[in-house]
Every structure is written in C-alpha cells, then in structure tokens.
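Subject: Structure handover and findings

Hi,

Here is the structure we talked about handing over. Please look through it before reading my notes.

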Amino acid sequence: MNLAIVIILGLLMLIAAVTALYLKTLSSAVIASGAVSLLASILFLLLAAPDVAMTEAAIGSALTTVVFLYALSRMRGKKKEEPRD
Amino acid sequence: MRLFKARVVLLVLALFIWFLLTYPFDAQELIAGGIAALVIILIPLPGIAVLGEIRWTPKALIYGIAYLFYFLWQLIKANIDVAFRVLHPRLPIEPGIVRVKTHLKTRLGRFLLANSITLTPGTITLETDGDDFYVHWIKVEGIQDKERTKKIVAGFERFLEVICG
Amino acid sequence: MADLLFNIAAVIMMISLVLAMVRLLLGPTAADRAVALDAMTIIALSLIGWIAFMSGRVIYLDVALVYGLISFVGVVAIARYVERGV
Amino acid sequence: MEILGGIFAIAGSIFLFLAALGLIRMPDLYDRMQAGTKATTLGTMLFLIGLAIVEPLWTGKAALLILFVIFSNPLSSHTLARAAYHTGVTLGERASCDELAGACGDEEDSA
C-alpha cells in the first residue's frame, strides 16, 4: 500500500519535472516546479521526515516560486524597455 | 474606540487560534499563549481597524451563529450542485458574468460576502467595483438585475447587515 | 475497520491527484495550471492528514498547516505575476 | 464511532475526486475554477472531520486547518479568476452574457 503510493508519487514527480523542462512559457514552468516540490514534500513525509517536509514546503513552494516570478517580472520589464531605446 | 474594539477582537481571535493549536492544553501553555497574545495586540498593526467593524450586540451574536449554519447549508448545496453538473453526461452549464449590487458598506462585510458568494452554488466573485460585484455564474438565470441580486446576495446580506452592517 | 475505510479514501485521493496533474500538464494557459496546482495543494493537505493518521503522530498535521498557509502565498504570487508582474 | 469517521473520510475523498474530474471535464477556465474551489473545500472539510472523529485529541488542529481552507481557498481562486480575466482568458462557447466587458466600455450584450 505504502510502497505503491510512493511509486506513484515518484512517477508523478518525474513527470512534473520533465514537464517543467519542456514547457514553452516560463511562468507555466515555474508552476510545474511548484508541483514538483509539493510531491517531494509528501514523499518526505511518507519517509517519516516531517521537519524536512516542512522546510521543503516552505522553501520549494513559496520562496522559490516568489523569487523565480520576481526575476521573471524583472526580465519582462527590461524587454519592454529595450525597443524604446 | 473603534481601534480598541479591533484590538479586543484580535485578542479573542488570537486566543482562539492558540486554543485550537494546543487543544489538549495545560495551564502553562495557556499562560504563555495569553502573554504572547497581549504583546501582539499592543503592536500597531496596519489594517487592524477592519476587525472593529463587528457589532457586539447579542442580536449580532445570534445572527452570527445562524449565518454559520446558513453558510454550511449553502456549501453543501453548492457541492451537490457541482457534483450533479460534473457527473451529468452533457454538462448542463451556460456560464456568464453578471453584475450584482450590494448595500453593505463596511470592508469586513464585503470581504465576507465575496467569500460566501464564491462558496455558494454556481457563483464566483470575479471583480469588485464600488457597490457592484461582478460574479461568474455557471448557469445564468433570471433576466432582471433585481432578480439576480435577490438570488445571489440577498440570503447572506440579511445576516451580514446585522453582524457588521 | 477505520484503517480500511481510510485506505480506500487514500486510494481515491491518489486518483484525484493524478487527474489534477493531468490538467496541470494539459492546461492551455498559465492560469489553468495555477488552478490545477491549487487543487493539488488541497488534495495534498488531505493526503498529509491520511499519512498522519496512519503513522499516528499529530506532528504531521503541523506540516499540513504550514503547507496550507504557504501555498496560499505562492498561488497569490502566481496570480499577481500573471496579472501584471510581482 | 470509528466507522462513522471512515464514512466521513470516504465522502470527503469522493468530493475531492469530483473536483479533479471537474478540472478535466469542464470546457473553460472559470467553470474549472467553480469545480476546483467548491468541491475541494467541502472535501477537505469532510475528511478532516472524519479524522477528528477517529482521533478526538486531534480536533483542535483539524479545526484550524478547516478554518484556513475556508478562508484562503475562495481568496486565491478569486485572485486567480481576476488575473485570468484581465489577461484576456475568454468565456467558453456556451457563454450567454458578459456584463463586466459591457461595463468596461465595449458593448452591452446582456440578454
């Protein structure tokens, strides 16, 4: 039972990671990587490591997403300004 | 006065959350939580005045409890509705965005109303603009503006007017 | 008896996690993917509750609490980015 | 008592399943959001109530989780819907009226 769930979660995580690599739009890729960290967090919990799972949830799901999106918005701002020059 | 009221409400809220967080609690945990809550309400927090919009009268309390039960009933109805629409082979939906008017004036009342609309059968609050709420409705019924307003917001407004009018 | 019922519930939740994942893969726009991620988060909250029940440790529910708070911030950040940039 | 909790848990997981099915089946973004918000909220509530019935000492944390979900789930879906609308995600083919577009100055096409 537990083993089957671990295997399914691992497969889903792989699929999400590969999706994050191949998606064209960058914001979608960030969302897919958020899904990777969600599944990783559940996996850590199934492996009986609640502290690691909590850290993964906090850093992987919120901090990484916000930092990536902040960087993306900065890039987008630059691109908009360039044609004017 | 309003700020004082807001602080008292925040204190009750903080103590309630602490009580839930340490549910099988003992005396020293409760004392520590009480001290922490007292320190927290002394800090000048931005936007705290919203909480002061709750009324304190006994009537408001009774209406608050009634609102809770009405909300739960609407939530269950909404879910049966969603289940019916999802499982129906031909997806009986006809979505549209409609405008409804509210006459709640306070920010807290509008926040609660928007949240309640989102969790009731077939509607999601999309955008607010002054007194108007723009609501995505999964099956638009009722042509007249008044009819729609009655169907979507009137049930909650009846309670919310008393609680934080 | 309760164990069996909870295990059945966990299997159904795993199926729904897979379905939400399919929407995350297909979704034509970024907003669709964000909706799927939101739904996956809520399903994961329940799954964490099941793990806590099976291992019998209440500390696991704290992970669900942290996750519920944090992922809300993440989804709001995504929405703000989609609208006009953080 | 344990069986009652299990039944609550299964009912909750069925609602979660319906939400995921709605995510797949619904034709456009806003309808997906309808299924994804409502059904997941009640599903999580029912599952956690079942958990609290089976393990009475966990009631406090389960109640706190339910509160979080009730307050944060509609908010995040509201933010997402507004963002999607302003970036130009349109309603599906079945849509009948769009008064927000009318108010924005395009044209009044409500029935």
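Below are the conventions, then the chain contacts, the salt bridges and the helix packing.

This is a predicted model: local features need pLDDT of at least 70, side-chain atom pairs count only at pLDDT 80 or more, and totals for chains, interfaces and linings use all residues. Residues are numbered from 1 along each chain as its sequence is written, chains are lettered from A and ligands numbered from 1 in the order in which they are written, and side-chain values use heavy atoms, with hydrogens and water left out.

Chain contacts

Four pairs of chains are in contact, and chains B and D share the most contacts of these. Contact means heavy atoms within 4.5 Å. Here 48 residues of chain B touch 47 residues of chain D. The two chains bury about 4,100 Å² between them, with 70% from carbon and sulfur atoms. (Buried area is the accessible area, 1.4 Å probe, that two parts lose on being put together, summed over both.) Val86(B), Ile97(B) and Leu126(B) give 15% of what chain B buries against chain D, more than any other three residues.

Chain A has no contact with chain B; their closest C-alpha atoms are 17 Å apart. Nor does chain A contact chain D, where the closest C-alpha atoms are 13 Å apart.

Salt bridges

The rule is a side-chain nitrogen of Lys or Arg within 4 Å of a carboxyl oxygen of Asp or Glu. It gives eight salt bridges over all chains. One salt bridge crosses the interface of chains B and D. Arg82(D) and Glu127(B) form a salt bridge at 3.9 Å, N to O.

Lys105(B) pairs with Asp131(B), with the closest N and O atoms 3.7 Å apart. Lys105(B) sits in the loop between strand 1 (96-101) and helix 4 of chain B, and Asp131(B) in the loop between strand 2 (123-129) and strand 3 (132-137), so the pair ties together parts 26 residues apart in sequence. Helices (H or I, at least four residues) and strands (E, at least two) are DSSP runs, numbered from the N terminus.

Helix packing

Axes are lines fitted to C-alpha atoms, for helices over the stretch in contact, and angles run from 0 to 180 degrees between N-to-C directions.

In chain B, the axes of helix 4 (residues 107-118) and helix 6 (residues 154-164) come within 10 Å and cross at roughly 155°. These two helices of chain B are therefore roughly antiparallel (the class for angles over 145 degrees). Leu108(B), Gly109(B), Leu112(B), Leu113(B) and Ser116(B) of helix 4 meet Phe156(B), Leu160(B) and Cys164(B) of helix 6. That contact has six nonpolar, two polar and no charged residues. (Ala, Val, Leu, Ile, Met, Phe, Trp, Tyr, Cys and Pro count as nonpolar; Asp, Glu, Lys and Arg as charged; the others, Gly among them, as polar.)

In chain C, helix 2 (residues 30-55) and helix 3 (residues 59-84) pack at about 175°, axes 9 Å apart. That makes helix 2 of chain C roughly antiparallel to helix 3 of chain C. Their contact has 15 nonpolar, five polar and one charged residues.

Phe6(C), Ala9(C), Met13(C) and Arg23(C) meet Arg32(D), Phe47(D), Gly50(D), Leu51(D) and Val54(D).

Best wishes

Technical notes. Parallel < 35°, antiparallel > 145°, perpendicular 65-115°, else oblique.
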